[in-house]
Amino acid sequence: MIYNFNAGPSVLPQSVLQEASNAIVNFNNSGLSILEIGHRTPLFEAVMNEAISLVKELMKLDDDHEVLFLHGGATTQFMQIPMNLLNENETAAYADTGVWSTKGIKEARLFGNVDIVCSSKESNYNFIPKDFAVPNAATYFHITTNNTIYGTQWQQIPKVSIPLVADMSSDILSRKLDFNSFALIFAGAQKNMGAAGATLVVVNKQILGKLKRAIPAIMDYQNHIKAASMLNTPPVFAVYASMLTLRWLKENGGVEAIEKINNQKADLLYDAIDNSKIFKPTAAKEDRSKMNVCFVMEDVEKEKAFLEFAKQNNIYGIKGHRSVGGFRASLYNALPLSSVEYLVGKMKEFEKR
Ligand SMILES: *Cc1c(COP(=O)(O)O)cnc(C)c1O
C-alpha cells in the first residue's frame, strides 16, 4: 500500500479508481469504453448531467448559480475570468496570497486594471492578510481560498459588497461555505475532485453579459451555459472521474461529513508537528491550511534523510514545493484518516532514532 500525500494530481477514492478502470473497458454494460462513446449520446449526457447536479446539491446552489465543466485547468480561468467580467477601463481587486494569485493578477492586467488590495509576499506568503479594504468601485474581488504551495487558507471568507471570485482549486468541497455568496468559483478538478483535464466553474449568471468586449465563442461563459458544458467535446473521462468522486462524497455524507474528517486529519498532523522537537510548521497558526500541511526541519541537513525514510515506508508525495522547502502533506478529501495516523507514526519513529 502506498500512502499518497501528493499535492496534485492527487489521491482518489479506491472505489472511484476501480469503477473508472472498469468503465475504460465496458462502460455501464454498454460493451463500449467510456473513451469511445460519443459525448452527445444519452450514455455520456447522463454522466455530465449527474456531475452538474451533484455539484449543485453538494454546494446547495441557488438557481442563479450555473455549474460548468470546462477545459484548460484553473490557469485558463485566470484569463477567462477577466475576459468575461472586466472592461478595459475598470479595475479588479486581487488578494495576493501566493504564486497562483500572482498568475491571476498578471492575466487580469491584460484586460483591465488591477488593484492588489493586500499581499503577504514579503514573508513568503506564510499568512493570510487581515487588514485591508476592498474598494466598492472595483468590478470584482479575487481570492485564492487555499494556497496549495504555502499551506495557508482563508478561515474567514472576506465579506465584500462587490462580486467575489474564488480560486478553490485545492479546497473545493472540503468544508462548509456559503457557496451562493460567491459570484464565481473555479477549481481544477485534479486536486480535490477528480482527474486532471476538467475544470469546475460555478458562476452566478447575473454577473455575465455586462461587457463591452467581444469574447471568443469558446471563452464566453454564457455560451457554455447555453450548451450545458457541451459547447465542444468535453474532457469526457475527467468529467466522469469527477462525477464518480462527487457520488462518493455524497454517499459519505457530503461536505459536512467530510469537513469533520478533514479537521481530524489536520489536527492530528499539526499536533504532531507542534509537539515535535525536530519538525516545525511554516504557516501562521491561525491561517493553517487543512488541505496542505507544510513543515520543515529544525536541522535542514536532516530533511534528505527523512524524505528517504518516508520513501522506504511507502509515503509518497511529501516533498515540499521548492519555494518553501521541507515537506508538504496534502490531506485532500479522498485521503483517509488512517493515512495521516500512519504518517504521524512514522514521523515519531524517525524522531526517536
Ligand atoms: C494547482 C492550482 C492551480 C493551477 O491549476 P491547473 O489546473 O494546473 O491550471 C491554480 N490555483 C491553485 C490554488 C492551485 O492549487
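Which helices and which strand each supply at least two residues of the lining of the largest pocket? Select strand S1 (3-4), helix H1 (14-25), helix H7 (254-274) and helix H9 (337-352); helices (H or I, at least four residues) and strands (E, at least two) are DSSP runs, numbered from the N terminus.

This is a predicted model, in which local features need pLDDT of at least 70 and side-chain atom pairs pLDDT 80 or more, while totals for chains, interfaces and linings use all residues. Residues are numbered from 1 along each chain as its sequence is written, and side-chain values use heavy atoms, without hydrogens and water.

Next, select Val 11, Leu 12, Ala 334, Leu 335 and Pro 336, the closest to the centre of the largest pocket among its 18 lining residues. A pocket is an open set of points on a 1 Å grid over the protein atoms alone, where a 1.4 Å probe fits, with protein on both sides within 12 Å along at least five of seven lines; lining residues have an atom within 4 Å of a point. The lining has 14 nonpolar, four polar and no charged residues.

Now move to the ligand, which sits in the second largest pocket (more than half of its atoms lie within 2 Å of the grid points). Around the ligand are 13 residues, each with a heavy atom within 4 Å. Helix H3 (residues 73-85) gives the largest share of this shell, four residues.

Finally, show the polar contacts (pairs of N or O atoms within 3.5 Å). An oxygen atom of the ligand lies 2.5 Å from a side-chain N or O atom of Thr 75. For the side chain of Gln 190, the corresponding distance from a ligand oxygen atom to an N or O atom is 2.9 Å.

Definitions and conventions: Polar contact = N/O pair within 3.5 Å; in protein donor to acceptor, adjacent residues only side chain to side chain. Nonpolar A, V, L, I, M, F, W, Y, C, P; charged D, E, K, R; others polar.
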